[in-house]
Amino acid sequence: MELKNLRQLANNMRRYIRIYKAIIKINIALILTYRANFLNHIFSTFVWGVFNFIWITLLTSKAKYVFGWRGDELVVITLGYIIITGVYYSLFAHNFEDFSRIIDRGEFDTVLLKPIDPQFQISMLRISYASFIRTILGTGVLIWWISSHHYAIGFFQVVSFIILIGVGVIMMYAVWFIFITTLIWYPNLSNMVDLLYTINGFARYPVEMLKSTGTTPLLLFIPLSLIVATPVKVLLQKNAWGDIFLLFFIGAILFTFSRVFWKFALKSYTSAS
Amino acid sequence: MKWLRMLGLYFERVFEYRLRSFIWLLLPLTNNMTLILFWNGAGMNTSAVSSYYILMTIGGLLTTSHVEFEVSEIDIKQGQLVNYLTKPISYYWVNFFSEIPYRVLQAVYASILIGALLIFFPNALKLSLNPLHIPLVIFIFVLGYLLSFTFKLSLAYLSFWFKDIHGLMELVTIIIIIFSGGVMPLPWYPKILQTISNFLPFAYSGYYAITALQGIVPLFGLFSIVLIQCVWLGVLLFINKILWKNGIKEFTAVGQ
Amino acid sequence: MSTLSVSHLTKHYRIYKKEAGLMGSINSFFKRTYETSKAVDDISFTIEQGELIGFIGPNGAGKTTTLKCLSGLIYPTSGEIKVLGYTPFDRNYDFLRSISLVMGQKSQLWWDLPPMESYLLYKEMYDISDSHFKSSLEELVELLELKEVLHVQVRKLSLGQRMKCELVAQLLHSPKILFLDEPTIGLDIVMQQKIRSFVREYNRKFNATILLTSHYMDDVKELCKRVIIINHGKLLYDGALSDIVSKHTQLKRISIVFEKEIAKSDLDKVGVVISHDGINSVVEVSKDKAPEMTSYLLSHFPVEDLTVEEPQIEEIISTIFSSEKV
């Protein structure tokens, strides 16, 4: 019995991998048809990345020490942010932009008619290769920044950094997905994604910033501000055990909740619409 | 009368999307609140800082036009512009009026939010505006909106020639944020950036409008703001006119 | 067991009402009013494998709602549906693989790419084997004469070609049941004809069950032996199209052009006068009396021209809709 279930799971995994391969291909085809659009995308991704860097450079030119972080360490957070958003935007964010359009035009039905998981469809169909530029840019500048500031960084720090970045991406996905799910009830909030891009910005600052406020509405965004600050703390060998625990713990909760919430929304969509 | 009726229609459309427009308000608000928190952590917990960012939020909402996307993507690229060309109305003013309801609604939202904010943090906002200067300040805001509107509209007109200008638009957005004091008050910037900002129109849209509102500019300063705004508006209107004239030729020649 | 059975299906909606004008907008800004509408109201029918059925009713009659219930997109307020032994709302993947819902106005193809790219993605989504995909695609492309457009960007195709490509995408997995919602909407006469003959061919060749809604009575007239008529969510008729036609063609209409003016009272003994202006008249008589009355008219009046007609199918349907009975 166990074995049969396991085999079924493996088959299912293989099937979804096959689908994802087809998705990778169709998205490459898309680039090739719209080269100008692709170049524009690369360009805007690049300038926003640079902008994030200028932004923190300007701020730290006046603020030398913020919430226990030195100016140069704040720059590392921004670089981590650039790296993480590069991964996240290329894999997920554009799908959510599409989703708000699909909902707005009333085309969600077509998603539900396909014999594959609706959540998979709305989160995975679109890959924005151009956004990877951010990750490359961020990684390059980070390496330069680290070596020019002579941080002591070992192999262990680098590996943990990468793993925690992965966890961060999942956390970011869960947060966005929870927000996006509400579109099922409020289809004309199609600018929700713009809001998400903005509140994502909490991740550019030290988590201590939100913790310091102590006011409930802002504490809600702590999950976002853990995403980048935690791996950066590990990289810079700051005390991070509490945050690592929070990142994993809240991440798991949010991810589970996002799935449950989505299923609930689907049920309400199909009975009320 | 014609414009009044159109304005009425546009207001109706805005009401349909009340939640949407609320989100548009949240974007700059979130951003600027974060910055207040940031300076808090840097030990600059002054009402000057919070006033600056709160007013920047309002100033941005009132004076920043978002006309570019619809004009570029829908009217020019998808060809909807034809519908306007066949009507005896000026395309410039149609867009101008279609945006006003959004600005008004945002201003209403913003005042409510800031009112609520002031109840909890009474020291967060400091104004020392001389009541006699109010009409002049309002005039500066109107000119500021016109500057932003004319600039964005002209930018959108580039779609007559280029297939995809969204990369350029993003770049311009960033330049505007930097050179209009979007990161922090302009005097805090490095000297070189301040100098560049002086030679660009962007700060004259929102930034100087809110310094005027704060009451930190003397009467003479207010007049010089108006003067520079008018000069920039003249320049931009001229560019706008040329782009429109040639763009329309391009548009009809392609036969969209 | 029938392929598809619906019993006492009911679906109610809550609709948001907006008052007209600026004041209306402001009012609804603060308070939205809703009302319940019965989109589908106690409908029952069954369908056997291989049937091609016309599903007709005016706008807002509840056709699309019924189709959405049948394909598992919406959960009925009450009633039971079985399709191929599945309960549609469970949206079992095997169920979804055996049906297709084609909505004429909604596109599922990637707009910026040639249709072939979308097909390849659907192949994986529907888990279609290579060989099946190849043969199925070949067959559909041939039936629909699509060979040249498979590699052309969808946005560059004409409406008709796009609809055909859409059909292919929906049929690649060889569904046993096909729900067609307005497949010919917006197409020109030639293209309508092509889609129609394709639907007939597909039904014949694969013994597929097809439920078709259409605004154009021609679609139904040419394709469907059986029709289900609904209006205001209620089922008005379920049976052979020919029955309903012959029932309503118990009457014939005689149109006459007289050489000189005739008094209306003179025509009353012929039949029911539908219209009369002195020179031109239309008189309705029962079918068996028609020959007798025609010769009576010809011999007793100065007739310049005379024609006998049966009412059109569109007229019959619209009488049914307006009278709410068959």
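User: In what order do the strands of the open sheet in chain C lie?

Analyst: Helices (H or I, at least four residues) and strands (E, at least two) are DSSP runs, numbered from the N terminus, and two strands pair if DSSP finds at least two bridges between them. In this predicted model, chain C has an open sheet of 6 strands in the order S5-S6-S7-S3-S8-S9, with mixed pairing. Strands S5 (99-103) and S9 (234-240) of chain C are at the edges; each has a single partner strand, so one side of each lacks a neighbour in the sheet. From one strand to the next, the twist averages 15° (axes are lines fitted to C-alpha atoms, for helices over the stretch in contact; angles run from 0 to 180 degrees between N-to-C directions). Residues are numbered from 1 along each chain as its sequence is written, and chains are lettered from A and ligands numbered from 1 in the order in which they are written. Because the model is predicted, local features need pLDDT of at least 70 and side-chain atom pairs count only at pLDDT 80 or more, while totals for chains, interfaces and linings use all residues.

User: In which sense do S6 and S7 of chain C pair?

Analyst: Strands S6 (residues 177-181) and S7 (residues 209-213) of chain C are parallel, joined over 5 bridges. C:Phe179, for instance, has C:Leu211 in S7(C) as its bridge partner.

User: How many residues of chain B are in contact with chain A?

Analyst: Contact requires C-beta atoms, placed from the backbone, within 7 Å. By that criterion, 28 residues of chain B meet 33 residues of chain A. H2(B) gives the largest share of chain B's side, 13 residues.

Terms used:
Contact = placed C-beta atoms within 7 Å.
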